[in-house]
Amino acid sequence: MSDDPAIRLHVPESVAGGVLADFVAVGQNGQYFTLDFAAITGRAPDALDAQVVSRVKVLPGQVFQLMRALNEQLAHYERATGPRDEPLGD
């Protein structure tokens, strides 16, 4: 059994509905990773316009946990809906 404490996640009503993000930009420095979640707002001939809807800073150790959790959830998703060759959202 793990010595890690249980985490009870509380979602404030003001964010419970979530926001659409159909793009994410990832950056990092020596202290943390920055995830900018954005919504595509327009298309130009040479670029997409996107509005950041949330910026999340994650410690490096948490990035490994995040990747494992995303891989696990993607596997569950594909078992339920079938494998996807194209990126989600297209």
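The largest pocket has a volume of about 370 Å³. A pocket here is an open set of points on a 1 Å grid over the protein atoms alone, where a 1.4 Å probe fits, with protein on both sides within 12 Å along at least five of seven lines. Its volume is the space filled by probe spheres set on the points, which are joined across faces, edges and corners. This is a predicted model: local features need pLDDT of at least 70, side-chain atom pairs count only at pLDDT 80 or more, and totals for chains, interfaces and linings use all residues. Residues are numbered from 1 along each chain as its sequence is written, and side-chain values use heavy atoms, with hydrogens and water left out.

What lines the largest pocket? Lining residues have an atom within 4 Å of a point; among them are Val 24, Phe 33, Val 58 and Leu 70. The lining has ten nonpolar, no polar and no charged residues. Nonpolar means Ala, Val, Leu, Ile, Met, Phe, Trp, Tyr, Cys or Pro; Asp, Glu, Lys and Arg are charged, and the others, Gly among them, are polar. Helix 1 gives the most, with four residues.

Helices (H or I, at least four residues) and strands (E, at least two) are DSSP runs, numbered from the N terminus. Three strands form an open sheet in the order 1-2-3, with antiparallel pairing; pairing takes at least two DSSP bridges. Strand 1 and strand 3 (47-58) stand at the edges with a single partner strand each, so one side of each has no neighbour in the sheet. Eleven bridges join strand 2 to strand 3. Thr 34 stands opposite Lys 57 in strand 3.

Just after helix 1, Gly 82 takes a positive phi of about 95°.
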